[in-house]
Amino acid sequence: MYTYQHSVQLDISKCLGCTTCLKHCPTEAIRIRDGHAVISDKRCIDCGECIRNCPHQAKKAVYSKLDSMERFKYKIALPAPTLYGQFDRLDDIDYVLDGLLKIGFDEVFEVSKAAELVSAYTRLYLKTDGVKKPVISSACPVIVRLIGLRFPSLANNILHMLPPMEVAANLARKKALEEHEDLKAEDIGICFISPCPAKASYVRNGFADYKSAVDEVVSVKDIYFELISEMSQDNEIEQLCESGIIGVGWASSGGEASAIFNESYLAADGIENVIRVLDQVENGNIPSLEFIELNACPGGCVGGVMTVENPFIAKARLQALRHGLPVSRNTIDPSSLYIPDSYLFDKLPEYAPIAKLSDSIAESMRMMSDIQKLKKELPGIDCGACGAPSCRAFAEDIVRGKAEHTKCYIIENSMPELPKEDD
């Protein structure tokens, strides 16, 4: 049986069972058991909220180290545009790209370049008859997994476009094979420099029937410290940057949505805001829109937990970098009527909705009734002392046989009411 490989893990030795992660997990994937956190593989979406909020650094992102690329004859770096916002006083992206070549890569292919092509084809996608609106971006893997687990009715709204990381990987490999006849496909290693663990999970697990074209995922944080000693603004460097304002803008919330050149869009970032928007879309309580961009991390990809810089500072730096760039350096034939197959995916991953209690409707209704009855008996203060994030979740755990009723410490240790004194 296949097991989903997550990129968010717990270091039990550092966990004190403080319930902070419990309160911030958007899918209630965490419980406190035997004095430490336990993460449910079925519910975890690798959003990194537990990493972001754990006061003891007991949660960590799992990704490859740079030396994992040594097994390849020809190494290609795919820098996410978020990387550019990590450096203070950077006035030219080429310094970063040149630095990547200096630390051992044979070629650099900007993800922001692919993002401009994805934006162009998304504009074409939105004009296609039969597309369900609002179209929800598929660029953030956390959002796709969240929809599958919590909002399955919105699955048909997801944009069937591969994320820029994948498009860049496919284009980079093709380019390398065309330019170097001595190379075979297996000689080429594609390394994505990622701001978040969700992209590492995406690469490890694939996407439904699609196998990722990326070989390794390393963190922006690790690459930053490799680059900082190699980047020099004193030397003349080759002009390597092949992207513009649109591509670099993808690093921040709203960058992707504004590139559709249509005012009928919405962009939201931060997992709580994302859930609020999806709730409204599912309930029909939102204005008519063409496109919705959602980013799990605050500020967009600049807020990923595998970055170095404060997301708001990184966003300001990227804004300054964009001033010297053209709008876009990558366009498609304006007369094009079709989106190439290499930009699209056919199937969405199949997830079991977390609200589903049983395969049997009758059993599900019985369990729901028991949960509602138990919830009424609980104090309703969602203290987390039982090891569940809320009284509703604790009631569900009891009905599912994963917790004991006696674990409610408020009820077990409640003091008897004192008699009132006479006036």
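## Terms and basis

A crossing of two helices is left-handed if the near helix is turned anticlockwise from the far one by less than a right angle, and right-handed if clockwise. Helices (H or I, at least four residues) and strands (E, at least two) are DSSP runs, numbered from the N terminus.

This is a predicted model, in which local features need pLDDT of at least 70 and side-chain atom pairs count only at pLDDT 80 or more, while totals for chains, interfaces and linings use all residues. Residues are numbered from 1 along each chain as its sequence is written, and side-chain values use heavy atoms, with hydrogens and water left out.

## Helices α5 and α11

Helix α5 (residues 141-150) and helix α11 (residues 271-283) have axes that come within 12 Å and cross at roughly 50°. That angle makes α5 oblique to α11 (under 35 degrees counts as roughly parallel, over 145 as roughly antiparallel, 65 to 115 as roughly perpendicular and the rest as oblique). The crossing of α5 with α11 is right-handed.

On the α5 side, Val142, Ile143, Leu146, Ile147 and Arg150 take part, meeting Ile271, Val274, Ile275, Leu278 and Glu282 of α11 (contact means heavy atoms within 4.5 Å). By class, this contact has 8 nonpolar and 2 charged residues, with no polar ones.

## The surroundings of α5

Because 9 of its 10 residues are buried, α5 is largely enclosed by the rest of the structure (buried means under 20% relative accessible area, exposed over 50%, partly exposed in between, with a 1.4 Å probe and protein chains only). The buried residues of α5 pack against β7 (135-136), α7 (197-205), α11 and β11 (291-295).

## Nonpolar cores

A nonpolar core is a set of buried Ala, Val, Leu, Ile, Met, Phe, Trp, Tyr and Cys residues joined through side-chain atoms within 4.5 Å. The largest has 77 residues, and Ile76, Leu78, Val214, Leu278 and Leu294 have the most contacts inside it. Helix α4 (residues 111-126) gives the most to this core, with 10 residues. Another core, of 30 residues, lies apart from it and includes Leu97, Phe105, Ile223 and Leu325.

Leaving aside neighbours within four places in sequence, isoleucine 76 has contacts that include Met69, Phe109, Ala172 and Ile188.

## Asparagine 53

Asparagine 53 belongs to helix α2 (residues 49-53). It counts as partly exposed because its relative accessibility is 23%. Neighbours within four places in sequence aside, asparagine 53 is in contact with Thr20 and His24. Its C-alpha atom is separated by 6.4 Å from that of cysteine 21, 32 residues apart along the chain.

Notes:
Axes fitted to C-alpha atoms, helices over the stretch in contact; angles between N-to-C directions. Nonpolar A, V, L, I, M, F, W, Y, C, P; charged D, E, K, R; others polar.
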